[in-house]
Amino acid sequence: MAEARQETRTKPATADREIVISRVIDAPRELVFEAFTEVRHLSRWWGPEGFTTTTRSFEFREGGVWDFVMHGPDGTDYSEWITWTEIVPPERIALLHGESRDDPNAFESTLAFAPHGTATRIVMRTVFPTKQLRDQAVQQYHAIEGGEQTLSNLAAYVTEIAPKKEEGEDR
């Protein structure tokens, strides 16, 4: 007799500390990935609507650091610091993000880049140290809207710089 298997979906242990945002971007995966690898790209799209970014230092490699300031539309400056913990071109980037190297509230993010036809699906999974820090990021800093706006800015940027197909070519 065949054994019946009941599949149950369990929430990950980090579910109450996570924010997951995804978007399909109409550009090749290699280009979307590249937009994260060079400061000349990042400075053009990084951050929510109305924010600009000034880079202090940037080294895209595992263990490398991106030290930067985000300038809010209200004139507030936010010191930011990212260290790249894993880089698997063009599939995945993992990082630790905080206000500084010693920030006890730094959070981990993983960006996955998957082909989606001729486009790219990017999934950004952020895990905070505690549920309280996640809730604070959502309520006080509007992290979900900010993440969605950031991926929207990325989509607009890479669509703008993507090589255009010749007229008459299938899209």
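Leaving aside its neighbours within four places in sequence, which residues is E91 in contact with? Before selecting them, please note that this is a predicted model, in which local features need pLDDT of at least 70 and side-chain atom pairs count only at pLDDT 80 or more, while totals for chains, interfaces and linings use all residues. Residues are numbered from 1 along each chain as its sequence is written, and side-chain values use heavy atoms, with hydrogens and water left out.

Select E91, which sits in the loop between β4 and β5; strands here are DSSP runs of E with at least two residues, and helices are runs of H or I with at least four, numbered from the N terminus. Beyond those sequence neighbours, E91 touches R29, F33, L111, A112 and F113, where contact means heavy atoms within 4.5 Å. Show the C-alpha atoms of E91 and L111 next, which are 20 residues apart along the chain and separated by 8.2 Å. E91 itself is partly exposed, because its relative accessible area is 41%, and that label lies between buried (under 20%) and exposed (over 50%), using a 1.4 Å probe and protein chains only.

Now select β4 (residues 77-88) and β5 (residues 92-98), which pair in the antiparallel sense over seven bridges; two strands pair if DSSP finds at least two bridges between them. Along this pair, W81 stands opposite G98 in β5.

Finally, widen the view to the open sheet, whose seven strands run in the order β1-β7-β6-β5-β4-β3-β2 with antiparallel pairing. Its edge strands, β1 (18-25) and β2 (52-58), each pair on one side only.
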